[in-house]
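Have the structure open and follow along.

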Amino acid sequence: MQDQHFDEPVRVALGRSRNTIYKVERVAQAADILMNRWPVKTGGYHVAARKACLGVLEGPQEARYARAAFVNAAIEADILVERDREG
């Protein structure tokens with residue numbers, strides 16, 4: 001397994017009220033959230049993000065691709081925390 005750090009963390013809001021902010025800094029952390037804590041069942045970007053994260057963990061794919069896919073999935077699920085809201 002080749003866990004890698006993202007160049008820049010991604011913040012997502014999870015939980016029933018989406019009031020718990022997670023600072024996602026590594027591919028393995030993103031994969032765990034996508035598979036175990038994601039607030040919606042599926043979506044096109046969600047599936048792509050899971051594949052991208054697994055591509056990094058299992059092989060030669062770069063973390064920047066997984067990060068971009070994770071951000072797109074977070075936007076699709078409406079859980080991305082914008083930079084100006086990070087505090």
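Two residues are in contact here when heavy atoms of theirs come within 4.5 Å. Keep in mind that this is a predicted model.

**How α1 meets α3**

With that cut-off, V27, A30, I33 and L34 of α1 touch A63, A66, F70 and A73 of α3. By class, this contact holds eight nonpolar residues, with no polar and no charged ones. The two axes come within 10 Å and cross at roughly 30°. Angles under 35 degrees count as roughly parallel, and α1 and α3 are therefore roughly parallel to each other. Their crossing is left-handed.

An α-helix has 3.6 residues a turn, so residues three or four places apart point the same way.

| Helix pair | Angle between axes | Axis separation |
|---|---|---|
| α1 and α3 | roughly 30° | within 10 Å |
| α1 and α2 | about 145° | 9 Å |
| α2 and α3 | about 160° | 8 Å |

**α2 against α3**

Helix α2 covers residues 44–58, and α3 covers residues 63–76. Which way do α2 and α3 run relative to each other, parallel or antiparallel? They are roughly antiparallel, and α2 crosses α3 in a left-handed sense. On the α2 side the contact uses G44, Y45, H46, A48, A49, A52, C53 and V56, while α3 brings in A63, Y65, A66, A69, F70, N72, A73 and E76. Sorted by class, that contact has twelve nonpolar residues, three polar and one charged.

**α1 against α2**

The crossing of α1 and α2 is left-handed as well. From α1, the residues V27, A28, A30, A31, L34 and M35 meet H46, A49, R50, C53, L54, V56 and L57 of α2. Eleven of the residues in this contact are nonpolar, one is polar and one is charged.

**What gets buried**

How many of the ten residues of α1 are buried? Seven are, so α1 is largely enclosed by the rest of the structure. The buried ones are V27, A28, Q29, A30, A31, I33 and L34. What covers them includes the strands β1 (5–14) and β2 (20–26), along with α2 and α3.

Helix α2 has 15 residues and spans 21 Å from its first C-alpha to its last, close to the 21 Å expected at 1.5 Å a residue. Its buried residues are H46, A49, A52, C53, G55, V56 and L57. Cover for these includes α1 (27–36) and α3.

A52 sits in helix α2. Buried means under 20% relative accessible area, so A52, at 8% relative accessibility, counts as buried. Which residues does A52 touch, leaving aside its neighbours within four places in sequence? They are Q61, Y65, A66 and A69. A52 and A63 lie eleven residues apart in sequence, with 8.5 Å between their C-alpha atoms.

Q61 is in the loop between α2 and α3. Its relative accessibility is 29%, so Q61 counts as partly exposed. Beyond its neighbours within four places in sequence, Q61 is in contact with Q4, K51, A52, G55 and V56. Q61 and D32 are 29 residues apart along the chain, and their C-alpha atoms are separated by 18 Å.

**Two backbone spots to check**

Finally, a couple of residues with positive phi. R18, in the loop between β1 and β2, has a phi near 55°, which is a positive value in a residue other than glycine. At 32% relative accessibility, R18 counts as partly exposed.

D78 lies in the segment after α3. Its phi is near 60°, again a positive value in a residue other than glycine. Is D78 buried or exposed? D78 is exposed, with a relative accessible area of 62%.

How values were computed: Residues are numbered from 1 along each chain as its sequence is written. This is a predicted model: local features need pLDDT of at least 70, side-chain atom pairs count only at pLDDT 80 or more; totals for chains, interfaces and linings use all residues. Side-chain values use heavy atoms; hydrogens and water are left out. Axes are lines fitted to C-alpha atoms, for helices over the stretch in contact, and angles run from 0 to 180 degrees between N-to-C directions. Helices (H or I, at least four residues) and strands (E, at least two) are DSSP runs, numbered from the N terminus. Angles under 35 degrees count as roughly parallel, over 145 as roughly antiparallel, 65 to 115 as roughly perpendicular and the rest as oblique. A crossing is left-handed if the near helix is turned anticlockwise from the far one by less than a right angle, and right-handed if clockwise. Ala, Val, Leu, Ile, Met, Phe, Trp, Tyr, Cys and Pro count as nonpolar, Asp, Glu, Lys and Arg as charged, and the others, Gly among them, as polar. The expected span of a helix is 1.5 Å times one less than its number of residues. Buried means under 20% relative accessible area, exposed over 50%, partly exposed in between (1.4 Å probe, protein chains only).
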